[in-house]
Amino acid sequence: MPRFSVIVPVFKVQGFLRECLDSVLEQSYRDIEVIAVDDCSPDGCGAILDEYAARDPRVRVLHLPENVGLGRARNAGMPHATGDFLFFLDSDDTLTPGALRALADRLDETSDPDVLVFDYARTYWWGGTRRNALAHVLAEAADSTFTVAERPEILDLLMVVWNKVYRRDFVHKHGFEFPPGYYEDTPWTFPVLLSADRIATLDRICLNYRQRRQGNILSTTSRRHFDIHDQYERVFAFLSGRPEPASWQSYLHAKMGEHCLDILSKPDRLPPRDKAEFFRRTAELFRAHRPEGVAVAPELRVLEGSYAAYRAKRQAGRAGRELGRRAGQLRRAAGVRLTRGRTAPTGRRSLDPDLVLYSASSHQGVLGDPGAIYRKAREIAPQLRGVWVVRDEEAAALLPPDVEHVLLDSPQYRQVAARATYFVNNVNWPGGLAKRPGSVHIHTHQGTPLKYMGADLLERPGARHGFDVPQMLRRADRWDHSLVANLHSELVWERAYPCHFASARTGSPRNDVLVNARTESGRTGHGKAVRERLGIPAGHTVVLYAPTRRDYRRGGHVDRVDLARFAEDLGAGHTLVVRLHPSLATGPARGLGLAELHRRGVLVDATDDPHVEDVMLASDVLVTDYSAVMFDYADLDRPIVVHADDRGAYTASRGTYFDITAQAPGHVSRSYRELAWLLASGTWQDEESARLRAGFRARYCEFDDGHAAERVVRTLLLGEEMPRPATARVPAPAVGHDLLARS
């Protein structure tokens with residue numbers, strides 16, 4: 001029999017689930033069982049749970065046939081628990097290191113109380129942490145066990161289920177269970193604490209309570225907050241069945257009033273049209289359960305009056321505080337209007353259902369995924385009018401003559417942006433672009449992420465230098481669809497961009513050409529034409545070297561490989577093609593030798609080639625370090641070598657979602673000597689290389705089937721149905737379980 005049964009209800013938290021489970025299973029205290037309840041989650045949570053259960057016998061998974069909600073999912077897990085104590089852990093929260101050992105020691109010290117209450121910290125998506133403001137209550141009660149009657153201040157703590165562990169026999173004796181509803185913790189916690197004969201406390205932060213930017217169920221605007229009234233009715237019903245209900249009636253009556261008024265005061269909880277009804281329901285409940293002869297606290301007397309009086313009182317109390325803040329807001333708003341006035345929709349013109357606005361790579365032209373979608377739309381949906389946003393006249397001059405375009409911030413751009421129904425981009429639209437109701441934003445990204453992105457950069461101050469992460473997320477709030485090529489990307493984007501968008505498992509449109517070239521004749525046709533354009537001799541083996549930028553060096557460029565030596569060591573019959581990261585294209589990297597070597601014919605500098613897919617098609621093998629290009633190149637099923645001689649420095653500065661050397665798409669070199677040997681010996685294309693590549697492709701090219709662009713056009717632009725790409729079950733990571741691990 002384990003000491004702890006950790007019950008984890010799971011629903012739509014795939015971006016946080018691994019971190020939660022790891023925080024439990026990697027505890028030094030191992031006498032536990034984990035009962036994970038998949039509440040019919042529509043994302044990848046069920047597969048993640050099965051993966052953990054397959055490799056750790058302490059994990060058991062219960063897949064519910066239908067979604068039942070948080071409370072009843074916990075109920076479903078309880079009959080399977082065999083531990084001495086029940087621990088209900090929400091699946092987006094985490095335990096702190098050493099938490100279970102500290103809890104076990106405190107339980108031993110207090111001779112297994114009915115309930116042990118411990119401390120927690122709120123951890124915010126932007127990196128901040130705040131401890132429970134009432135932690136002193138836990139410290140002051142640390143001398144011995146007690147009842148609520150002896151220390152009623154314990155009820156002032158946050159009334160949630162997850163900051164306590166419960167003796168299982170005590171829970172079963174009283175038949176406690178969670179009711180359905182939004183606020184299911186309320187009718188659990190009060191009865192449990194009031195029934196406990198022995199309560200103990202632990203003045204230690206054992207849990208990180210994640211404050212999600214979006215997605216927290218209690219922070220959403222909904223009528224479901226009316227559920228609080230039913231839950232308090234359950235609490236009062238419990239009191240009516242106890243021998244001495246009057247002693248707690250007054251306290252819980254006031255607590256109910258405070259709780260409901262707090263919900264009413266939050267601007268993002270109730271729809272405005274429902275606030276008056278919520279107030280009336282609260283006032284009725286307040287009157288119905290008011291104890292006789294008990295004075296009402298001054299702050300609750302508003303519940304004895306009308307909603308109009310309540311609003312007037314709040315407005316009067318706010319007036320002084322708001323005066324200074326509103327003046328500042330007006331000043332800022334005036335500045336915003338000067339900026340947004342150029343790009344905000346004008347007039348009341350209706351949206352054009354056939355107008356699609358495209359942009360790619362910061363308005364550089366018809367590139368990447370948006371370019372592939374645009375070309376497919378012209379082929380199969382000619383009724384759609386596609387217009388490209390380009391940054392300047394120079395970029396416009398490079399467009400094909402039949403591509404309709406507008407210049408960024410021009411009057412024509414404002415007109416098209418005001419009418420377009422669809423917006424397709426792989427970076428982000430300018431902050432001044434106001435999203436009109438009914439418009440649809442499709443974000444394609446720029447590949448599969450290996451390095452930290454979005455909100456995850458908040459933990460990497462060096463890597464986020466120059467990035468305004470909050471502004472980045474405000475722009476991402478406009479996304480409706482996020483295209484993904486694999487489940488890994490889906491997990492990362494939902495975590496790194498905590499916004500309200502739907503993940504579209506379409507595959508990467510720009511990679512259709514790579515998937516369709518995965519044949520013996522793949523080096524002919526398009527690839528042959530690109531070779532001729534780049535000046536590569538016929539019959540040469542082409543080695544594509546594509547390094548990424550380094551965040552640990554100002555400017556991003558580090559000379560990891562002597563390119564002249566590399567080209568020479570490849571020997572006759574080989575051509576070295578170099579493609580730098582786009583952020584390095586105009587920096588010193590070219591002038592430190594690359595441009596000169598290209599001029600002399602020692603190698604080919606393909607950094608400026610607008611279409612990276614062409615460069616990949618022209619090559620025979622890719623040598624890269626941590627560039628996302630490897631995920632695209634795997635679609636070709638051609639050899640890949642990962643040169644990771646500075647992985648420690650790279651992961652320490654930027655952070656990676658998994659160890660690429662442990663889940664590599666081919667052989668790994670950790671020094672230039674190893675790299676040269678791999679290529680000279682022919683090892684780069686041996687059977688082991690093919691085996692590693694196949695596993696990598698199965699995982700990270702999961703949804704790439706050659707029809708991604710068509711799938712986007714038909715399903716997201718035309719509203720038609722089209723089968724999702726056929727996928728195989730993604731295997732568990734070969735080493736560890738670090739798909740989203742912090743390096």
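## Aromatic pairs

Phe87 and Phe118 are both buried, a term that stands for under 20% relative accessible area with a 1.4 Å probe, protein chains only. The model is predicted, with local features needing pLDDT of at least 70 and side-chain atom pairs pLDDT 80 or more, while totals for chains, interfaces and linings use all residues. Residues are numbered from 1 along each chain as its sequence is written, and side-chain values use heavy atoms, without hydrogens and water.

The whole structure holds 35 aromatic pairs, defined by ring centres of Phe, Tyr or Trp (its six-membered ring) within 6.5 Å, with planes under 30 degrees apart called stacked, over 60 edge-to-face and the rest tilted. The rings of Phe87 and Phe118 form a tilted pair, because their centres are 5.6 Å apart and their planes meet at 50°. This pair joins strand 4 (residues 85-88) to strand 6 (residues 115-124), across 31 residues; strands are DSSP runs of E of at least two residues, and helices are runs of H or I of at least four, numbered from the N terminus.

Tyr452 and Tyr657 are also tilted, with centres 4.9 Å apart and planes at 40°. They lie 205 residues apart in the chain. Tyr452 is buried at 0% relative accessibility, and Tyr657 is buried at 1%.

## Nonpolar cores

The largest nonpolar core has 101 residues, a core being buried Ala, Val, Leu, Ile, Met, Phe, Trp, Tyr and Cys residues joined through side-chain atoms within 4.5 Å. Helix 9 (residues 246-265) gives this core its largest share, 7 residues. A separate core of 54 residues includes Trp479 and Phe631.

Conventions. Buried < 20%, exposed > 50% of the residue type's maximum accessible area, 1.4 Å probe, protein only.
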